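Let's walk through this model together, one question at a time.

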Amino acid sequence: MRAVVSKPHLLSRIASITLGKTIGGPGASIQDHPEPTISPDEILVRVRAVALNPTDYKHIDAVSPPGCVIGCDYAGEVAQVGGNAAKTWAVGDRVAGAVHGGLFPDRGAFAEYLKTDSDLAWKIPADIDDAAAATFGVSAVTAMLTLNVRLHLPWAEECKVGQEQQQSAPAIFIYAGSTSAGLFTIQLARLAGYTVVTTASPHSFDLVKSYGANAVFNYRDDNVADAIVKEYPDIRVAVDCFSEGKSFGICDAVLKNKGGRLITLLPPAKPKYPGVEHELVMAYTLFGRSFQWLAPFGPKFPALPDDRKALARFYASLPELVSNKTVRPPPITLEEGSWDGILTGLDKLRSGKVSGGKLVVKL
Ligand SMILES: NC(=O)c1ccc[n+]([C@@H]2O[C@H](COP(=O)([O-])OP(=O)(O)OC[C@H]3O[C@@H](n4cnc5c(N)ncnc54)[C@H](OP(=O)(O)O)[C@@H]3O)[C@@H](O)[C@H]2O)c1
């Protein structure tokens with residue numbers, strides 16, 4: 001089958017991480033690659049559309065060993081069903097989800113065929129097209145992991161849709177609301193009954209409000225944290241959907257009044273104030289398998305069975321949540337060019353040219 005496969009060796013990956021730039025030429029190419037074979041608990045998916053994430057190019061540039069299939073977010077149709085999965089899936093069913101791309105030779109989304117655990121995927125409702133379905137991958141499941149698992153906010157399917165927001169609703173601060181992760185986090189936090197305070201560039205203000213933000217501030221203003229604290233002095237929980245540069249400092253300053261918890265999507269800096277705690281989440285723990293980056297020397301991550309259960313629960317609830325528009329996809333930009341479009345789209349992400357939405361490639 002055709003697939004986007006990683007090339008670099010350990011030394012060039014370590015050099016890329018140390019020097020902060022790609023060493024030794026493009027780290028992935030479109031190649032012929034063996035089709036995955038499935039276990040009785042898995043399904044094989046013919047991939048029709050993929051959504052692009054920053055983690056895809058980060059894996060290409062630094063993390064992926066040679067010979068791994070890149071890509072996490074997909075939509076397509078079931079091509080083969082493992083013996084234990086036949087109660088849930090049939091050949092031809094439309095299916096979408098996220099897989100742990102970039103670390104395994106047989107488990108990535110940028111491929112003609114991918115395999116996934118049969119309970120870690122969701123059925124696409126008839127009125128949702130493949131491009132929209134593909135966007136409910138890494139960004140969506142990270143929002144769920146952050147809010148429902150780590151911060152214990154109520155789950156979307158338990159929430160009463162259309163309910164008036166309570167005057168006394170607690171506030172949550174979501175830094176970088178216009179990222180894909182941010183747009184899903186805003187939606188799930190609003191559903192959970194929280195008042196959502198976020199940041200974005202002025203060109204994204206209307207966008208984040210249309211996804212449910214109650215208040216939005218420009219993260220480039222020097223006094224942004226003071227302005228937020230003045231209006232929302234009681235914030236105790238925050239999610240940093242950018243997690244680079246000044247973001248940790250701004251989040252800490254928003255939390256310092258009462259103390260509280262900041263969930264970050266990239267490794268956090270040390271908290272600046274007493275009573276403020278930082279915790280990193282990683283979507284990859286949702287897949288229920290231990291893994292290691294930059295083996296044999298790099299960090300090891302244990303399997304977290306409760307995270308896996310959370311992903312199965314979220315994807316089981318998603319068809320209804322998406323069908324009745326309780327949870328919406330981010331704005332979509334279709335990247336033309338099929339397989340080549342994946343690589344040009346990743347270059348756009350790499351150079352920070354994507355704002356307020358998701359790049360999707362149809363294969
Ligand atoms: N730990 C995990 O499991 C996990 C999961 C998902 C994502 N992530 C990481 O989280 C980050 C966001 O991912 P994503 O896919 O959601 O991003 P994305 O959609 O590609 O982010 C694009 C947005 O970034 C915003 N932005 C650019 N520079 C900024 C800055 N200096 N401060 C604040 N916002 C800025 C822009 O907002 P404006 O146009 O409004 O300026 C733009 O809309 C990436 O680093 C990604 O690798 C981690």
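Q: Does leucine 294 count as buried or exposed?
A: This is a predicted model, in which local features need pLDDT of at least 70 and side-chain atom pairs count only at pLDDT 80 or more, while totals for chains, interfaces and linings use all residues. Residues are numbered from 1 along each chain as its sequence is written, and side-chain values use heavy atoms, with hydrogens and water left out. Buried means under 20% relative accessible area, exposed over 50%, and partly exposed in between (1.4 Å probe, protein chains only). Leucine 294 has a relative accessibility of 17%, so it counts as buried.

Q: Near what value is phi of leucine 294?
A: Leucine 294 sits in the loop between β14 and β15; helices (H or I, at least four residues) and strands (E, at least two) are DSSP runs, numbered from the N terminus. Its phi is positive although leucine 294 is a residue other than glycine, and the value is near 50°.

Q: Which residue is joined to alanine 295 by a cis peptide bond?
A: The bond in question has an omega of about 5°.

Q: Is histidine 152 buried or exposed?
A: Histidine 152 is found in the loop between α4 and β8 (171–175). Its phi is positive, near 60°, in a residue other than glycine. With 63% relative accessibility, histidine 152 therefore counts as exposed.

Q: How do α4 and α5 lie relative to each other, in terms of their angle?
A: Helix α4 (residues 138–150) packs against helix α5 (residues 180–191) at about 45°, and their axes are 8 Å apart. Axes are lines fitted to C-alpha atoms, for helices over the stretch in contact, and angles run from 0 to 180 degrees between N-to-C directions. Angles under 35 degrees count as roughly parallel, over 145 as roughly antiparallel, 65 to 115 as roughly perpendicular and the rest as oblique. The angle between α4 and α5 therefore makes them oblique.

Q: How many nonpolar residues does the contact of α4 with α5 have?
A: Contact here means heavy atoms within 4.5 Å, and it is made by Ser139, Ala140, Ala143, Met144, Leu147 and Asn148 of α4 and by Ser180, Ala181, Phe184, Thr185, Leu188 and Ala189 of α5. Ala, Val, Leu, Ile, Met, Phe, Trp, Tyr, Cys and Pro count as nonpolar, Asp, Glu, Lys and Arg as charged, and the others, Gly among them, as polar. Four residues of the contact of α4 with α5 are polar and none is charged, and the nonpolar ones number eight.

Q: What is the handedness of the crossing of α7 and α8?
A: α7 and α8 pack at about 25° with axes 9 Å apart, and they are therefore roughly parallel to each other. A crossing is left-handed if the near helix is turned anticlockwise from the far one by less than a right angle, and right-handed if clockwise. For α7 and α8, the crossing is right-handed.

Q: How many of the nine residues of helix α8 are buried?
A: The buried residues include Phe248, Cys251 and Leu255. The buried residues of α8 pack against β8, α7 (224–231), β11 (237–240), β12 (260–264) and β13 (276–280). Helix α8 (residues 247–255) is mostly covered, and its count of buried residues is eight.

Q: How many of the 10 residues of helix α2 are buried?
A: The buried residues of α2 include Thr55, Tyr57, His59 and Val63. Helix α2 (residues 54–63) is largely enclosed by the rest of the structure, because its buried residues number eight.

Q: What distance separates the C-alpha atoms of isoleucine 70 and alanine 111?
A: Isoleucine 70 is in the loop between α2 and β4 (73–81), and at 1% relative accessibility it counts as buried. Not counting residues up to four places away in sequence, isoleucine 70 touches residues including Val4, Ile60 and Phe110. Isoleucine 70 and alanine 111 are 41 residues apart along the chain, while their C-alpha atoms are separated by 8.2 Å.

Q: What distance separates the centres of domain 1 and domain 2?
A: The protein chain is divided into domain 1 (2–136 + 286–362) and domain 2 (141–281), with bounds from an automatic or database domain assignment. Taken over C-alpha atoms, the centres of domain 1 and domain 2 are separated by 26 Å.
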